[in-house]
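Here are my notes on this model. Please read them with the structure open.

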Amino acid sequence: MTIDFDNSYARDLEGMYLPFDGAPAPEPTLYWLNEALAEELRLSPETLRSPEGVAMLAGSAMPDGASPLAMAYAGHQFGGFSAQLGDGRAMLVGEVLDREGHRRDLHLKGSGRTPFSRGGDGKAVLGPVLREVLIGEAMTGLGIPSTRALAATTTGEPVWRDGQQKQGAVLARIASSHLRVGTFQFFYARQEIARLRKLADYAIARHDPDLTGTEDRYLAFLHRVIGRQMALVAQWVSVGFVHGVMNTDNMTISGETIDYGPCAFIDAHDPAAVFSSIDSQGRYAYGNQPLLARWNLARLAESLLPLIAENPQDALPEVQVVIEGAEALYATERRQRFAEKLGVPQSGAEADDALIDGFLNLLTAQSADFTLSFRALADLARGDEVPLRALLDRDPRLDAWVQEWAARRTASGDQMDRVNPLYIPRNHRVEAALQAAEQGDRAPMEHLLDAFRDPFTKRPCFEDLETPPPADFGSYITYCGT
Ligand code: AMP
Ligand code: MG
C-alpha cells in the first residue's frame, strides 16, 4: 500500500524527532472510521479499511510513503517544567494535502513505546480513544478549531489500567500540525538556537506563510499564535468546555484544541468547575483557562526571545507589549462570542461586559444549566418565558436584567439558536456511550456523533440529549493519561 504523503517535518526538521516505526499489534481491527474526514483528506475509505490500511491506523505496519517519527517536545505540566516529554505513546505517520490543499498530519496515539516513553507503556485503551473521537467531532460541529479523529482501532492486546485489563486501542488523529508551545520550549531550554530558528521558520511557513522572510517575523508570529489561542479559549468558554490539562505541551501553534484527556463540558455554570482527578488546586478550572492560556503563551514568548533579538534582553520590551496585549485580545473575543450568544449588537466594552457578566452571575448564583439557559433566552425572544423562568426564577435580579437585555436585543430567537448549541457532550451521556462501546454496543456513541454534526438544530430524535444529568449522577471526575 502506498499513500501519497508529503513529509515536511521529517524532511526539514532533522534532529527534532526520532524515527519510530510503531509497535506491531497482534490483531489490528478497525473500530470506527471517519469516512467524511477520510474523503476530505483524499484518503480512500476502502484503502483505510483494507488490512494494510488498518495495520497503518493501528501503528502496526507503515505503508510506503510514510516517514514515521516521534516528535521531541518539552512542557510545563501544572506549572513545573519538564525539559523532555515528547511523543511517548504517539507518532507522526506522515502529512497529506487535503482537498483544499491544506497540509494535515496523520498522527497516532497509543502506538507503542518510543524513545520518549519514560516509564509509560506507550499504549492507549478503547474508552479514552473513543472519548477523543466524540469530543473532537463535537468541537468540530460546534465550529471550534480542533484536531479530529480519523479512526479508532483496537490492537487485540490487553492493556492494564488501574489494576484492570482493558482493550488496547489506537487513535488516528488529524491536525493541521502537531507543533506545540512545548516544541519551542524543548530547543530553547537546550539553547539550540539554530534549531529553534529552523523550527520557527517551519511553523511560519506552515501556519503564517505570509510572514515568511519578513524582518520582524518572529514577533509577528508570536502575535498570531496569541491571537489564535485567545480566540480559541473564548470559544471554549462560550460553550462551557474545560480542557482539563492545559500544559504547554498540550497547546498548539495552529490554534486547534488538542489532547482530549480529562476534558469535560460544564452543566451548571461554575467558573471554579474542575473535573480532572489530578487538578487538585483547580489550576485549569473553567474560569481560569484564559489566564492559564496567557501564562502558556508567555512561555512561548520566552522561547522566541533569542530569535527576536540577538541579545534576548533587548527583545523584552516589545515582547512584553505583545504578551500584555493578550488580555485585551481575549476580552474582545469573549465579548464577541457572548454578545452573539445574547443576540445583542456590541455597543461598548463596559456596557457589553456588564450585560454578559450580569447574566453569567445569575447562572452561577443558581447553578443554572449553562447550555439550556442560553437556549431559554432564545425561547424568551420568541415570546416564551417559561424555560428561562424555570431555570432562574428564584433570583430577584432576573427581571431587571431581562428588561435591559430585551431593550438591547436585535437577533431573533431563531438566530440565537444558531449560535447557542443544544447538544453538547454532556458528561453522563459520554460516560454511558463509552461504557456501551467498550462492551461492543456502538449505538449510543453513533447517536451522539449524529447529534454533534449539527448541535444547533433541535430534532425530536435527540430529545434525550437535551437534559442535564440526573441528580444522582453526582460529581464527575475525569482521568489523565489513560
Ligand atoms: P498527556 O498528558 O497525554 O498530554 O501526556 C504528557 C506526556 O506523557 C507526553 O509526553 C506523552 O507522550 C506521555 N505519556 C502519556 N501517557 C503515556 C503512556 N501510556 N506511555 C508513554 N508515555 C505517555
Ligand atoms: Mg499531550
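1. A residue counts as near a molecule if one of its heavy atoms lies within 4 Å of it. Of the 17 residues around ligand 1, those that come nearest are Gly 86, Gly 88, Asp 121, Gly 122 and Asn 250.

2. This is a predicted model, where local features need pLDDT of at least 70, side-chain atom pairs count only at pLDDT 80 or more, and totals for chains, interfaces and linings use all residues. Residues are numbered from 1 along each chain as its sequence is written, chains are lettered from A and ligands numbered from 1 in the order in which they are written, and side-chain values use heavy atoms, without hydrogens and water.

3. Look at the polar contacts (pairs of N or O atoms within 3.5 Å). A backbone N or O atom of Gly 86 sits 2.6 Å from an oxygen atom of ligand 1. Gly 122 places a backbone N or O atom 2.8 Å from a ligand 1 nitrogen atom. The side chain of Arg 89 has an N or O atom 3.2 Å from a nitrogen atom of ligand 1.

4. On its own, ligand 1 has 490 Å² of accessible area (Shrake-Rupley method, 1.4 Å probe). The protein covers 86% of that.

5. The shell around ligand 1 has two nonpolar, seven polar and eight charged residues. Gly is classed as polar here; Asp, Glu, Lys and Arg are charged; Ala, Val, Leu, Ile, Met, Phe, Trp, Tyr, Cys and Pro are nonpolar.

Methods
Polar contact = N/O pair within 3.5 Å; in protein donor to acceptor, adjacent residues only side chain to side chain.
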